[in-house]
Structure formats: C-alpha cells, structure tokens
Amino acid sequence: MAAEVVVVGSCMTDLVSLTTRLPRAGETILGHKFFIGFGGKGANQCVQSARLGAKTSLICKVGKDSFGNDYVENLKKNGISTAFVGQTADAATGTASIIVNSEVKTLFNPAPALADLDPQFYTHSDIFCCNETEAEILTGIPVGNLEDAGKVGRMLLERGCKLVIVTLGAEGCMMISVEEAIPKHVPAGKVRAMDTTGAGDSFVGALAFYLAYYPKLSMEEMIRNSNYVASVSVQAAGAQSSYPYRKDLPQNLF
C-alpha cells in the first residue's frame with residue numbers, strides 16, 4: 001500500500017546539552033545532562049504523523065556514518081518507509097519540507113525561511129504554514145499579535161497562497177484563505193511547557209495526518225486538533241522523543 005503522507009525534508013541528529021545558563025563567548029560551563037536525539041524538520045513532521053497512525057514515507061538523504069545509520073534505524077522503528085532515504089559520504093541534507101497527502105494537497109512549511117523564497121512555493125502550495133519568525137523573514141512584518149499575523153496572511157495571499165496558517169506558539173494559530181479572507185484565530189489550550197523544541201513540527205506533522213486521513217474535517221477542526229497534539233509535545237523534553245502516539249491521545253481527536 002502506498003504511503004498516505006510523504007515528507008520531503010531533513011534528518012538531523014540533535015546533540016543536546018542542558019545547562020543552568022548559556023555560556024558567554026569563549027566561556028566553558030558545566031552541564032547537568034547530555035543526550036542525543038533525532039530531529040530535523042522533515043523527519044520530525046513525518047514521525048509525528050506516523051505516531052498518529054498515518055502510513056508515511058520520508059524522502060531525504062543522510063550521511064554514510066554512524067549518525068546516518070542510526071537515523072535510518074530510527075525511521076524504521078517509527079514505522080516510516082525508508083525506500084527513498086539515501087546515504088552519501090559527501091553531501092548534507094536540506095531543511096525545508098513539503099508534505100503531500102493522498103489527495104495530492106501540498107502543505108509547505110518554509111523552514112528555514114528565506115527572504116527571497118522562490119515565488120513558485122507560494123503559488124504551488126495548497127496550504128502555506130509558517131511560524132512568527134519565518135513570517136517576519138518572508139514578509140518583513142514583525143509578528144507580535146494576531147493583528148500582525150493577519151497582515152502577514154493577507155500579504156502571502158497576495159503572493160499567490162491559497163490558505164495561510166501562521167503558528168503563534170502558546171496562542172495557537174491564525175488562518176486565512178482566499179475563500180475566507182478574514183483572519184481567524186484558532187486558540188491553543190493552556191499547558192505547562194517543559195520544552196518547546198520541535199513543537200511546530202509536531203503541529204505540521206499532525207496537520208498532514210488530518211489532511212490525509214480526515215479530509216472531511218473543516219480546516220479549523222484540523223488546526224484545533226493539531227494544536228492539541230503539539231501542546232502535548234511541549235510537556236516533555238526533546239523533539240521526536242516528546243511526540244505523542246495515537247493511543248496516548250483523547251480518542252475524540254480521531
């Protein structure tokens with residue numbers, strides 16, 4: 001059976017040091033914990049989608065080294081097809097990701113964002129999803145509130161986007177589309193965050209899952225559910241290690 005969610009993006013090994021504060025330039029400080037984790041925008045989104053139950057495939061390239069070997073095994077353990085995961089001795093992987101569902105809808109997450117992003121990414125994306133930082137880089141508009149996010153959304157629609165989602169961390173998301181040109185706020189539930197690393201990828205991965213498996217849901221419902229999944233991820237440490245499985249989530253999300 002073909003994959004329902006296909007992700008094109010990066011695989012990165014996270015080398016995480018926990019300290020009481022950041023070091024100054026040239027300073028050595030003691031850390032109290034170190035761990036190696038699996039990250040990368042594309043892989044994170046793919047893992048979250050897979051853990052919710054999606055049949056997924058990742059298109060990426062990793063190094064021909066111990067980290068690369070470990071990553072391929074990590075993908076397999078998460079039930080992700082590695083048929084299109086390549087290994088190379090002399091090239092690095094990318095970080096921007098495009099997610100395609102079974103209806104060939106394209107969900108584009110411009111990470112890392114480029115001020116001179118190719119205009120085709122706007123016009124060829126069914127859903128364009130960026131966070132506050134990416135939004136500012138793309139449009140020059142600092143996003144400090146919902147009104148700012150709405151301005152960003154309108155500008156991106158003018159560039160050819162069909163539907164824009166601006167993620168706002170603890171405040172949830174703003175959505176705007178060609179069909180519904182008035183910005184709409186989709187709030188997130190309040191939780192005590194431990195680590196927000198990879199939360200945006202958790203959101204995008206969950207959204208890809210709902211697009212592929214629950215296409216009859218309204219976009220607002222998909223975003224609300226994805227907000228919930230991402231809010232669970234911030235309550236544990238790490239990126240992929242914090243991503244919830246379907247069995248651990250309220251069944252009314254499905």
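Predicted model: local features only at pLDDT ≥ 70, side-chain atom pairs only at ≥ 80, totals over all residues.
Which residues of α5 are buried? Let's start there.

The buried residues in α5 are D148, A149, G150, V152, G153, L156 and L157. What do they pack against? There are two helices, α3 (120-123) and α4 (132-139). There are also strands: β8 (127-131), β9 (163-167) and β10 (173-177).

Now check the length of this helix. α5 covers residues 146-158, which makes 13 residues. At 1.5 Å a residue, the helix should span 18 Å.

Just after the helix comes G160, with a positive phi of about 115 degrees. Most residues other than glycine have a negative phi.

Most peptide bonds are trans. The bond from A111 to P112 is cis, and its omega is near -5 degrees. P112 sits in the loop between β7 (106-109) and α3.

Next, helix pairs. Two packed helices are described by the angle between their axes and the distance between the axes. Take α1, residues 41-51, and α6, residues 199-213. Their axes are 7 Å apart, and the packing angle is about 50 degrees. An angle between 35 and 65 degrees falls in an oblique range, so α1 and α6 are oblique to each other. The crossing is right-handed.

Which residues meet in this pair? From α1 we have K41, N44, Q45, Q48 and S49. From α6 we have D201, S202, V204, G205, A206, A208 and F209.

Let's zoom in on S49, in helix α1. Is S49 buried or exposed? Buried: its relative accessible area is 0%, and the cut-off for buried is under 20%. A polar atom of the S49 side chain lies 3.5 Å from the backbone oxygen of G205. Leaving aside neighbours within four places in sequence, S49 is in contact with V5, A54, T56, G205, A208 and F209.

F209 is the next stop. This residue is in helix α6. F209 is buried too, with a relative accessible area of 0%. Its contacts, again leaving aside neighbours within four places in sequence, are S49, L52, G53, A54, Y214, R246 and F254. Now compare sequence and space. F209 and V5 are 204 residues apart in sequence. From C-alpha to C-alpha, F209 and V5 are 7.0 Å apart.

Stay with α6 and turn to its other partner here, α7, residues 219-233. The axes of α6 and α7 come within 8 Å. They cross at roughly 140 degrees. Roughly antiparallel needs an angle over 145 degrees, so this pair counts as oblique. The crossing of α6 and α7 is right-handed.

On the α6 side, the residues are A199, S202, F203, A206, L207, Y210 and L211. On the α7 side, they are M219, M222, I223, N225, S226, N227, V229, A230 and S233.

Now some loops. D195 lies in the loop between β11 (184-186) and α6. What does D195 touch? Not counting residues up to four places away in sequence, it touches S233, V234, A236, A237 and G238. D195 and A236 are 41 residues apart along the chain, with C-alpha atoms separated by 6.2 Å. The D195 side chain also makes polar contacts. One joins it to the side chain of T197, at 2.7 Å. Another reaches the backbone nitrogen of G238, at 2.9 Å.

S10 is in the loop between β1 (5-8) and β2 (12-18). Its relative accessibility is 0%, so S10 counts as buried. A polar atom of its side chain lies 3.2 Å from the backbone nitrogen of K41.

Finish with T20, in the loop between β2 and β3 (33-39). Is T20 buried or exposed? Exposed, because its relative accessibility is 75%, and exposed means over 50%. T20 and L30 are 10 residues apart in sequence, and their C-alpha atoms are 8.5 Å apart in space.

Key: Residues numbered from 1 in each chain as written. Heavy atoms only, no water. Helix = DSSP H or I, 4+ residues; strand = E, 2+ residues; numbered from the N terminus. Expected span 1.5 Å × (residues − 1). Buried < 20%, exposed > 50% of the residue type's maximum accessible area, 1.4 Å probe, protein only. Contact = heavy atoms within 4.5 Å. Axes fitted to C-alpha atoms, helices over the stretch in contact; angles between N-to-C directions. Parallel < 35°, antiparallel > 145°, perpendicular 65-115°, else oblique. Left-handed = near helix turned anticlockwise from the far one by under 90°. Polar contact = N/O pair within 3.5 Å; in protein donor to acceptor, adjacent residues only side chain to side chain.
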